[in-house]
Amino acid sequence: MRLHWHRRDLRATDNAGLAAATPSDPVVPVFIFDTAVLDHAGPPRVAFMLDALDSLREWYRDKGSDLVVAEGDPTSVLPELAAQHGAEKVTWGKDYSGLARERDAAVRQALDDADVAREAVQNAVLHEPGEITTNAGDPYSVFTYFGRKWHDRENAGPYDPPSADTLADVDGDAHPTLADLGFEEPEADVPAAGTEEARALLDDFLDENVYEYEERRDFPADECTSRLSAHLKFGTIGIREVYDRTQAAKEGTGGDRRDSVREFQSQLAWREFYTQVLFAHPHVVSSNYKSYENPIEWENDEELLQAWKDGDTGYPIVDAGMRQLRDEAYMHNRVRMIVASFLTKDLLIDWRHGYEWFREKLVDHDTANDNGGWQWAASTGTDAQPYFRIFNPMTQGEDYDPNAEYIKEYVPELRDAAPEIIHDWNDCSLTQRRNAAPEYPDPVVDHSERREQALAMFERARGDE
């Protein structure tokens with residue numbers, strides 16, 4: 001008998017930890033509500049996780065088994081469960097953040113002390129940190145070179161799900177509710193979780209959108225994205241399965257359509273690039289990756305931060321993104337870049353405030369991805385946008401939402417305004433604004449002025465003055 005400790009692998013298919021189960025060595029599926037991890041969670045993610053656990057439990061029950069749920073510190077809970085079920089071994093999927101690695105080291109020691117074997121398996125990425133390195137054996141700090149090697153690597157195919165006779169005959173208690181765990185109901189409409197939901201999204205994406213992804217992915221109104229990010233975060237679908245399906249789509253076509261599928265796969269590579277950055281530099285969660293000669297003099301104005309959080313900045317594409325985040329616990333990736341640039345370069349607010357807000361509100365928050373994205377926008381990260389390249393939020397809105405469809409969906413005050421007024425809101429007269437959308441706020445800052453201030457701020461940090 002052995003335990004499999006589910007964490008970021010809330011699925012049965014394409015799960016390396018379950019694949020090795022045999023009738024002579026059946027597996028007891030386990031999930032632990034770890035307070036140290038929940039301290040860093042937000043209501044949307046916990047709600048999604050609970051739904052995913054419901055789906056996983058039903059899968060096990062259909063096979064005559066169950067998901068054993070516990071609460072507490074894994075260093076004490078796992079040895080206790082191993083003793084209770086007569087398990088000689090515990091498996092789990094590797095995680096790569098500093099917090100996860102500290103926890104896993106403590107768990108390994110606790111299981112060693114209890115004389116229980118353990119094995120951590122690769123379940124969250126195709127290529128673990130350390131597999132793709134420079135010729136000198138160092139982790140990459142530039143995505144381009146990492147991405148080339150990632151695309152050239154062979155990948156293992158997905159694992160089959162365990163059969164019913166390889167699962168232990170166990171009964172599990174009901175898992176706690178959001179309220180039991182100390183969380184309020186999320187403000188957002190959180191999407192459904194589970195492997196079936198993830199596969200339905202993937203099927204829909206591969207039907208047509210993946211072949212137009214390269215051309216349309218930056219236009220938020222087009223909805224030409226997979227929406228798989230939360231499922232990959234919690235592992236309700238396996239990365240090997242997603243890659244295998246997209247590879248089949250790529251091999252079945254050619255030309256621009258093939259290039260488009262490859263572009264989607266590159267987003268999977270970015271996910272793994274940031275994972276290896278976090279693994280090699282765990283301090284980036286709270287510190288700049290890139291060092292400057294002097295501290296960056298963030299202004300951190302509380303009123304401007306609140307306006308950004310509320311989606312009331314008077315910059316339409318920014319406000320649309322922040323309101324989508326509030327309503328759906330999700331934001332289109334291009335818009336994430338825009339709102340992050342606006343917070344750091346227009347409002348001159350430390351990227352950490354934005355990162356913390358995303359961690360609280362996003363259903364798909366992933367430490368490595370979100371941290372990498374925020375530090376990219378703030379010009380403090382690896383392979384980051386140069387400090388002097390500052391998004392103009394009005395131009396970004398006009399370029400990527402020309403008819404203001406996305407903006408009008410999430411900013412109802414602007415639904416009767418003409419797109420040309422919306423995209424020129426920063427430069428419109430007060431009379432034009434009041435006539436077009438009397439309920440929508442004036443811009444909280446002037447972009448041109450703040451751009452010059454941001455450049456000066458970074459030049460002081462660089463020691464150029």
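## Residues 1-126

Helices (H or I, at least four residues) and strands (E, at least two) are DSSP runs numbered from the N terminus. An unreviewed UniProt entry lists this range as "domain: Photolyase/cryptochrome alpha/beta"; such annotations may be inferred rather than shown by experiment, and UniProt positions follow the numbering used here, with feature names shortened.

This is a predicted model, in which local features need pLDDT of at least 70 and side-chain atom pairs count only at pLDDT 80 or more, while totals for chains, interfaces and linings use all residues. Residues are numbered from 1 along each chain as its sequence is written, and side-chain values use heavy atoms, with hydrogens and water left out.

## Strand pairing

Four of the five residues of strand S4 (89-93) are buried (under 20% relative accessible area; exposed is over 50%, partly exposed in between; 1.4 Å probe, protein chains only). S4 pairs in the parallel sense with S1 (residues 2-6) over four bridges; pairing requires at least two DSSP bridges between two strands. Five bridges join S4 to S5 (residues 117-121), also parallel, with Gly 93 partnered by Val 121.

## Salt bridges

The count comes to 34 salt bridges, each a side-chain nitrogen of Lys or Arg within 4 Å of a carboxyl oxygen of Asp or Glu. One joins Arg 460 and Glu 297 at 2.8 Å, N to O. Arg 460 lies in helix H21 (residues 447-462) and Glu 297 in the loop between H11 (255-280) and H12 (302-310), so the pair ties together parts 163 residues apart in sequence. Arg 57, Glu 58, Arg 61 and Asp 66 are linked in a salt-bridge network.
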